[in-house]
Every structure is written in structure tokens, then in C-alpha cells.
Protein chains: 2
Amino acid sequence: MAKKQEFVKEITKMEDDFPQWYTDVIMKTDMVDYSPVKGFMVIKPYGYAIWENIQSFLDRRFKETGHQNCYFPLLIPESLLNKEKEHVEGFAPEVAWVTHGGSEKLAERLCVRPTSETIICSMYSKWLTSYRELPYLYNQWCSVVRWEKSTRPFLRTSEFLWQEGHTLHETAEEAQAETLQMLSIYKEMAEDLLAIPMVDGRKSDRERFAGAESTYTIEALMHDGKALQSGTSHNLAQHFTKAFDITFQGRSGELEYPHHTSWGVSTRLIGGIIMVHGDNRGLVLPPRVAPIQVVIIPIAQNKEGVLDKAYEIKKELEAKGIRVKLDDDTNYSPGWKFNQYEMKGVPLRLEIGPRDIEQNIAMIARRDDLSKESYSLDNLGESISALLDTVHNDMLRRATEYRDEKTFTFKDYEEFKVKMKESPGFAKGMWCGEEECEAKVKDETGVTIRCIPFNQENLGDTCHFCQKPAKHMIYAAKAY
Amino acid sequence: MAKKQEFVKEITKMEDDFPQWYTDVIMKTDMVDYSPVKGFMVIKPYGYAIWENIQSFLDRRFKETGHQNCYFPLLIPESLLNKEKEHVEGFAPEVAWVTHGGSEKLAERLCVRPTSETIICSMYSKWLTSYRELPYLYNQWCSVVRWEKSTRPFLRTSEFLWQEGHTLHETAEEAQAETLQMLSIYKEMAEDLLAIPMVDGRKSDRERFAGAESTYTIEALMHDGKALQSGTSHNLAQHFTKAFDITFQGRSGELEYPHHTSWGVSTRLIGGIIMVHGDNRGLVLPPRVAPIQVVIIPIAQNKEGVLDKAYEIKKELEAKGIRVKLDDDTNYSPGWKFNQYEMKGVPLRLEIGPRDIEQNIAMIARRDDLSKESYSLDNLGESISALLDTVHNDMLRRATEYRDEKTFTFKDYEEFKVKMKESPGFAKGMWCGEEECEAKVKDETGVTIRCIPFNQENLGDTCHFCQKPAKHMIYAAKAY
């Protein structure tokens with residue numbers, strides 16, 4: 001997609017101004033643009049193709065685990081939103097209200113869905129009769145609207161794309177197992193597709209979803225030391241099923257309320273990819289999610305045989321299922337193209353010129369570590385498939401090392417405050433479990449408890465913030 | 001997905017009450033349900049899976065023809081909607097208006113997109129600079145809202161799912177070629193995927209899209225003799241590009257307005273599948289779009305070896321890329337299952353019992369013609385793949401024959417009125433091209449000109465409605 005500004009332009013250094021670096025990268029790589037509606041973004045093809053790859057991975061995993069897709073209405077009557085008390089308190093302040101249809105004023109206001117628990121529960125209540133029909137394992141892909149005051153493309157926008165799964169189960173144990181299964185699929189996707197290591201755990205009560213019994217989360221650490229909540233899975237227990245009077249005849253013949261979960265990830269993940277892997281040259285895309293995995297740039301393409309060979313290689317790679325672009329545009333020099341695709345984060349650049357062909361080789365440059373090596377043209381498809389896996393593994397390893405470097409254990413509140421200022425990252429420590437303690441830390445430092453990780457370490461007996469008896473080991477960080 | 005009513009229940013005969021037959025079929029086969037918001041439907045998994053198959057076919061064809069997906073905001077400022085005069089007149093009466101975000105009243109009303117020409121053109125105007133960037137070939141998959149007074153699931157609902165392509169071109173010729181290319185892809189999809197024959201042609205000026213220069217359409221004939229507009233492709237010329245001041249530097253150095261197209265199909269197609277192929281037993285799904293292509297029903301499944309063989313067959317068919325369900329639920333008899341999957345329109349039913357296994361055969365029943373034959377278990381995957389193609393071809397042939405039987409040529413307005421009453425269908429005749437003539441026919445009979453077909457036949461020199469000189473041969477019908 002075209003743009004008014006020159007394509008290759010200086011990107012602000014991330015050390016100088018991280019937010020500006022982020023904006024430069026997303027704008028100059030043509031992933032996204034601001035729209036005429038404040039807080040709403042346009043996702044351009046290069047950004048959208050990343051989302052399509054995320055969708056395709058997750059949709060396959062959802063179906064493998066027995067889920068089916070469906071579609072529920074965009075608009076939700078105010079009376080439905082009001083049914084679950086915590087939920088309406090959480091969402092009502094940030095919904096968009098439809099008040100008129102055509103020229104007529106509506107009898108009841110409708111909100112544009114901020115999430116679909118309420119409309120879906122109203123249907124589940126109509127449908128469910130017997131334990132034999134359970135579980136309900138449904139998901140939808142859609143957009144949602146939450147009226148945000150301060151927005152940033154991908155990270156926080158008034159409309160975003162996501163999937164939302166909504167399931168019902170006969171027993172509390174099954175609902176809990178589902179909640180954790182879906183979180184683990186998110187973690188698998190983050191690591192196997194996006195090369196982003198995640199800390200997984202439970203949210204504190206203060207940070208849980210409005211209406212949930214428990215919220216589980218995967219949290220990633222960005223290059224600036226801030227955390228990004230990247231996916232959540234909620235055990236909603238019977239909060240909504242009671243509020244919406246969803247019942248079924250149980251095995252004993254008695255009417256029972258089913259146990260309920262919901263879970264979602266969104267286009268926010270794209271912001272995570274940028275801020276975990278990107279560098280001062282621009283994007284660095286993990287190979288499995290990259291729209292273009294290999295760009296082929298012919299050198300001296302007017303020389304006989306060069307373009308033919310380039311197209312032959314393209315065909316060979318495509319036959320291996322690799323996403324390839326051959327850029328034979330004669331308006332730009334190879335050097336200009338190198339810069340362009342480096343900025344766009346294409347994992348591998350393959351250069352092929354007359355001398356390479358003579359020697360039966362191609363030069364391959366890796367975007368992730370900027371190394372360059374020659375490869376035999378024999379079995380090139382296999383070499384490149386293997387190299388893409390190597391790049392993925394190296395990116396995941398480096399991101400994990402970086403995160404671990406940025407993770408520190410603190411012994412008391414003073415040390416915590418100093419470290420968070422000097423070198424922000426994940427802070428590990430013990431916590432008393434009290435909401436006042438958590439609120440005080442947030443008010444005074446802007447840092448939140450990101451999660452109570454599944455992987456609990458015993459770091460002491462007292463709360464590292466307030467010295468009361470410790471209840472949980474936690475990760476804390478500033479967050480997006 | 002479960003439902004309160006008993007699964008197998010009498011479906012109203014289509015000869016007795018066609019609209020009731022339609023409602024019975026969609027409700028009893030669990031494709032769709034009414035939602036708490038008037039005019040909005042819930043698409044249940046069995047209906048949604050059909051939409052996923054349509055999406056997958058079209059998305060592949062769009063990409064093969066150079067299009068890319070992207071995403072534009074759901075909400076459109078009123079001032080943008082107002083920019084193209086015909087467009088706002090056409091759509092303003094049927095849009096949903098957002099007036100409040102959270103508790104604040106908005107300075108400007110936003111409409112929920114009824115279609116996205118205006119918001120997309122506002123971005124194109126920002127992006128486009130030079131002829132070198134053209135064509136723009138973009139598409140989005142989303143839902144749109146049009147406030148309808150009278151609705152029917154799939155056919156006309158206040159929200160529906162669709163895709164909308166929006167392209168810009170350097171020349172009028174290229175825009176026209178794109179408009180026709182996309183219509184031909186829709187026709188290919190209808191015939192090759194849905195087994196529905198289409199008449200393709202141009203809409204009259206009265207029936208064209210609000211803001212278009214020309215609208216092209218594919219029209220199908222339903223079982224009740226009414227037409228269903230199934231996909232449209234618009235040549236928008238420079239109507240929007242001028243209104244939105246989209247310009248580019250042309251080859252001569254002068255500023256020019258690009259030429260513009262848009263095109264879409266929606267979940268309405270699912271209504272078409274039902275009304276073209278269905279019968280008094282329920283759905284009859286064309287194999288290539290059916291969520292389940294083959295249902296395997298084990299007979300006497302408690303007998304040794306039966307379930308093992310059934311699962312072995314399932315695996316063999318899945319390896320061939322066939323969508324298979326094995327129903328080994330012991331709560332229901334094989335006979336009950338036969339009825340259920342017949343109603344749900346599953347193209348092939350495979351029965352396998354102890355005697356079949358002894359003889360190395362399976363019984364296969366076709367849903368489309370209700371025939372039943374035994375097949376050797378050797379190379380079953382290949383036999384069934386071939387049979388699914390046969391079923392597709394037979395369904396397309398029968399639908400074409402039925403449509404042709406229901407198509408008649410009329411000589412004058414009186415004959416037209418009588419035939420349309422006695423045996424409604426496609427009426428072929430000559431038309432003067434005058435809007436008053438067209439309006440009079442619609443007012444007096446409820447019949448509209450569906451299209452001026454590409455395949456023009458010379459049926460006379462005078463308009464068969466009003467006897468003025470004839471300009472076009474047309475298809476007319478009552479329509480959904």
C-alpha cells in the first residue's frame with residue numbers, strides 16, 4: 001500500500017524515545033494508519049497479514065480441541081449488559097451507545113459489544129436443557145469497541161480485532177481445566193509462532209476481568225522493560241450463568257447452573273511482536289508469522305539467466321510452503337531494496353546474481369542477527385526451511401535471555417522503587433495478597449502486579465512491599 | 001449446539017407454505033437463531049461452518065487475483081457519509097447511529113458501517129500519490145449493519161457478515177475489467193462451490209448501488225420462483241474519488257482521479273443454498289460447502305470389529321481431505337440418526353455393519369437423490385471423492401434444469417402478469433430502458449427487473465411491457 005512519505009526514512013532510536021520509535025516503525029513499515037475517527041485504527045495489508053497468520057494458528061488449535069466458530073450480534077441491549085453487576089460496572093463507562101436506527105429513536109439503547117458474555121449468555125439460557133448437551137465449546141472472531149481516552153495502534157485502540165471463546169461445562173473442574181487449557185494454547189502460540197516467551201499465572205482480584213471468578217494471563221516483557229498482557233482466560237464460575245438463569249437438568253435430575261469460561265487474544269499481539277523483536281532498523285518478524293518469509297532480490301537482473309534463476313528459486317521455495325516475494329522492480333537499486341525489507345523485518349533476504357549462479361550459490365542474509373552466508377543452490381528449499389526454524393529458535397532464545405536479564409528479585413519496597421526506576425523490568429517478590437497493599441504500590445509507583453505465576457518460587461515469608469506475612473510470589477511491572 | 005425442541009420434528013411442506021418451510025429448516029437444522037435484538041440473528045456453528053467454507057474459497061481466489069486483506073473502522077463520521085450525494089440518500093435512512101461514548105455525548109454522530117466506501121475513500125485520499133502505486137486491490141471481511149424493518153435470517157437481517165472489496169485503478173478500462181472479473185469470481189464460486197446456476201448481467205439504473213456508475217449482479221432462482229440477488233460488483237467510476245478528492249500524479253504529470261470499484265457477497269448466500277437445493281425432508285447441502293461431507297453410522301456397533309472398521313474408514317477418508325463425522329452415540333438408534341443427518345443435508349451417509357464388513361462393502365446413501373448403493377471397501381477414499389463430485393455435478397444440473405423450467409418468455413404485459421401469478425419464475429422479455437416503465441411494473445405487480453443479462457437474446461423490437469422501442473433484453477422476477 002502506498003504512502004505519502006518517502007519509504008526509507010530515519011527511525012528514531014529506541015534508546016532515545018521508545019514510544020516514538022514504536023510509532024515510526026508501525027507507520028514506516030505500512031502496518032497501520034490513524035483513521036478519521038479518534039482512537040480507531042486502519043490495519044493495512046502488511047499488519048493484517050500478521051493477524052491472518054495468528055488467526056490461522058489459533059483457529060486450527062481451537063478446532064483440534066473441539067471448539068466451533070459461530071457469530072453473535074454486534075449490538076447488545078442495555079438491559080442485558082446490566083444483568084451481571086461487576087460486569088456492567090467494569091464495562092459501562094467505556095461502551096459506545098447506539099441510540100437511533102435510521103431516523104427513529106430506539107426504545108432501548110444498544111451498546112456496541114465491548115465483549116460478548118451478556119449477549120451469548122442470553123442465548124445459552126434459551127438453548128441449554130440437559131447435561132447431555134454439555135460442554136458448549138464456542139468461539140467467535142470479530143471486532144469489539146471500548147471507548148478509550150488515550151490510544152496507541154495495536155496496543156490500545158477504541159476498536160480492535162480479537163477472538164472470544166465462551167464455554168459452558170457440567171462441573172467446576174471441567175471449567176477450570178478448560179480455562180487453563182486455553183491459556184496454555186495462547187502460551188504455545190506466543191512461543192511457537194511469535195517467538196515470545198511468556199510468564200503465565202493468575203491475576204490478582206483487583207486485576208481480574210469484570211465478572212470473573214479468576215482470570216489467568218500470559219505476560220510478556222517489552223524492550224523498554226514494560227509488560228504486555230497478551231492473552232487472558234477467565235473462569236467465570238456461575239456468576240453469569242446465575243445472572244442469566246442458564247440451567248440444565250443434571251445427572252441426578254435436579255436443575256443445575258453450568259460452569260462458564262471465556263478467553264481471548266487480540267491484535268494487541270502485533271504490538272508485542274514489534275516491541276519484543278524490533279530494533280533500530282525497524283521490524284524483526286518471527287519467521288512463522290511473517291507475511292513474507294524470504295525476499296529474493298536479483299542482482300544485475302538485466303544479465304542473462306538471473307531473473308530466470310530467481311523465479312526458479314521462488315517456485316522451489318513456494319513448493320516447500322515458504323512465503324516468498326521476488327522483487328524485480330527496476331525502479332529501485334538492490335541496495336535500496338535491502339534497506340526496505342530490512343526495515344519491514346523480512347526474516348531472510350536471498351541475493352542472486354550472475355557470479356552466484358556461476359558458483360551455484362545464493363547469498364542469504366538473516367534479519368534477526370544481520371549475518372550473511374552463502375548457500376548451495378542444491379536443496380535450497382530444505383536449507384531455507386531449516387534456516388527459518390533456526391531463526392525462530394534463536395529469536396525465542398534471545399528474547400528469553402533479554403527478559404531474564406530484565407527480571408530481578410527485590411527484597412523490600414525501597415529496593416523495588418530504585419530498581420524499577422533505574423532498570424525497569426519484571427520484579428519478582430513476595431506479596432501479602434492484600435488489595436490495599438497492591439493499590440498503594442500502584443498509586444505510588446505506577447507498577448501493577450502482573451500475575452501470581454504458576455511457577456511459584458519461595459522468596460521469603462513476608463510481603464516484600466509491606467512486611468506482612470507473605471501469601472504469593474508475584475511478578476510486578478509497569479504495563480501497557 | 002443444543003436446542004429446546006426435539007430434534008426431528010415435522011417440517012412444513014414447501015408446497016403448503018414456503019416461508020414457513022424455510023423457517024422450519026433453518027431452525028430445526030440448528031443453523032441460526034433469533035437474538036434478543038430485533039432483526040439481528042445468531043449464526044450457530046452449523047450455519048457458520050458453511051460461511052467459513054465460502055470464505056475460504058473466495059479468500060483464495062481474491063489472493064490469486066492479487067488482492068490483499070485489511071481492516072477499516074466499524075464507525076464512520078456522519079460528515080464522511082454525507083460526502084457522496086446519492087450514497088448518503090441511499091444509506092442514511094437505514095444506518096444505526098452512535099451518539100455517546102461511555103457517558104459523553106459525541107461532538108459528531110458516528111454511523112455503524114452499512115458499507116465502507118466512505119471511510120475507505122477518506123484513507124485512499126490520504127495515501128495515494130502516483131500512478132506507480134496503482135492499482136489498489138484491497139478487501140475486508142467484516143459485518144455491516146443496515147436497519148431493516150422486516151427481516152428473515154440470512155436473507156435480510158439488520159446485521160450480516162460479508163466481504164467488501166474496494167479497488168482503485170489508473171484507467172476506466174482497468175476498473176471495468178476489475179468489476180467484471182470479480183463478478184465472474186462470484187459466479188464461479190456459486191457454480192463450483194454452491195452448485196447454484198447464476199444469471200449474470202447489469203442492473204438497471206433504478207436498481208444500482210447508491211453512488212455507482214454501473215452495478216453488475218448474479219441472480220439465482222429459488223424453489224418458490226423468486227429471485228435472489230447473490231452478489232454484486234460496482235463500477236463506481238470517479239463518483240467517490242472526486243467527492244473524496246483522491247488524486248494521483250498520472251503518467252503525463254497531470255493530477256488525475258482514479259477509477260474505483262467495490263464488490264461484495266454476504267451470508268445471504270446461505271439462504272440461497274437452502275432455497276435452491278432444500279426439500280421437504282430439510283437441507284440438501286452441496287458437497288463442497290457442506291460442513292460434514294460424509295457421516296459414518298455404524299450398525300450394530302456393539303458387535304466386534306464394527307467400530308474399529310468405522311474409525312478406520314474415517315481415517316482413510318480424512319486422509320483424502322474429506323470432512324467426515326462418525327456418529328457412535330449409543331443413545332440413538334441408526335434409524336433416528338439417518339433422519340437427523342438427512343434433515344441436516346449431509347451429502348453422503350455411510351452405513352457399516354457386521355454383514356457389510358464380511359462382504360468387504362459399505363452402503364452409501366446420497367442425500368440429493370436419496371439413492372443407496374453398496375461400495376467396495378477397497379479404495380473407498382477414491383470412490384467417495386469421485387462420488388462427491390458426481391453429487392455436485394448432479395445438483396448443479398438439476399438446479400439448472402429447474403431454473404430453466406421456471407424461466408419463460410413473455411410477449412406482452414398481460415401475459416406477463418398471468419404467468420407471474422400462475423407460475424412465478426424468471427420472465428424474459430424486451431424492455432424500453434425507461435425508468436417509468438420499470439416503476440410501473442414494480443408498483444402494479446411487485447416484480448422487478450433483476451438484470452440486463454450479458455447473454456442478450458433478441459426477443460423483439462418493442463418493449464414487452466409498454467410497446468415503446470426495445471432497448472434491452474431483461475430478466476424480471478419477484479425477489480427477496
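In which order do the strands of the open sheet of six strands follow one another, and is their pairing parallel or antiparallel?

Modeller: The model is a predicted one. The open sheet in question draws its six strands from both chains, in the order β4(A)-β6(A)-β5(A)-β5(B)-β6(B)-β4(B), and the pairing is antiparallel. At its edges stand β4 (75-77) of chain A and β4 (75-77) of chain B; each has a single partner strand, so one side of each is left without a neighbour in the sheet. From one strand to the next, the twist averages 45 degrees.

Let us follow the strands from chain A into chain B. In chain A, strand β5 (residues 96-101) and strand β6 (residues 104-112) are antiparallel and share four bridges. Within this pair, V98(A) has L110(A) of β6(A) as its bridge partner. The two chains meet where β5(A) pairs with β5(B), again in the antiparallel sense, over five bridges.

On the chain B side, β5 (residues 96-101) is mostly covered, with five of its six residues buried. Four bridges connect β5(B) to strand β6 (residues 104-112) of chain B, and the two run antiparallel. One of the residues involved is W97(B), whose bridge partner in β6(B) is C111(B). β5(B) and β6(B) form a hairpin with two residues between them, and G102(B) in the turn has a positive phi of about 60 degrees.

For the surroundings, one may begin with the nonpolar core. The largest such core holds 210 residues, and among these I54(A) and I54(B) touch the most other members. Leaving aside residues up to four places away in sequence, I54(B) touches M189(B), L193(B), L194(B), L269(B), I270(B) and V289(B). In general terms, nonpolar side chains of soluble globular proteins tend to be buried together.

I54(A) also takes part in a helix contact. In chain A, helix α2 (residues 45-64) packs against helix α6 (residues 172-192) at an angle of about 145 degrees, their axes being 11 Å apart. The crossing of α2(A) past α6(A) is right-handed. From α2(A), the contact is made by I54(A), F57(A), L58(A), R61(A) and F62(A), while α6(A) contributes M182(A), I185(A), Y186(A), E188(A), M189(A) and D192(A). Eight of the residues in this contact are nonpolar, none is polar and three are charged.

In chain B, five strands take the order β16-β15-β17-β18-β19, with mixed pairing. Its edge strands, β16 (324-326) and β19 (372-376) of chain B, each pair on one side only. The twist in this sheet averages 25 degrees from one strand to the next. Helix α10 (residues 334-343) of chain B packs on the sheet, where α10 touches β15 (294-298), β16 and β17 of chain B, and its direction makes about 170 degrees with that of β15(B). Strands β17 (residues 348-352) and β18 (residues 361-366) of chain B pair in the antiparallel sense over four bridges. In this pairing, L348(B) has R366(B) of β18(B) as its bridge partner. Helix α12 (residues 380-405) of chain B lies across β15, β17, β18 and β19 of chain B and runs at about 15 degrees to β18(B).

Notes. Residues numbered from 1 in each chain as written. Chains lettered and ligands numbered in written order. Predicted model: local features only at pLDDT ≥ 70, side-chain atom pairs only at ≥ 80, totals over all residues. Heavy atoms only, no water. Core = buried A, V, L, I, M, F, W, Y, C linked by side-chain atoms within 4.5 Å. Buried < 20%, exposed > 50% of the residue type's maximum accessible area, 1.4 Å probe, protein only. Contact = heavy atoms within 4.5 Å. Axes fitted to C-alpha atoms, helices over the stretch in contact; angles between N-to-C directions. Left-handed = near helix turned anticlockwise from the far one by under 90°. Nonpolar A, V, L, I, M, F, W, Y, C, P; charged D, E, K, R; others polar. Pairing = 2+ DSSP bridges.
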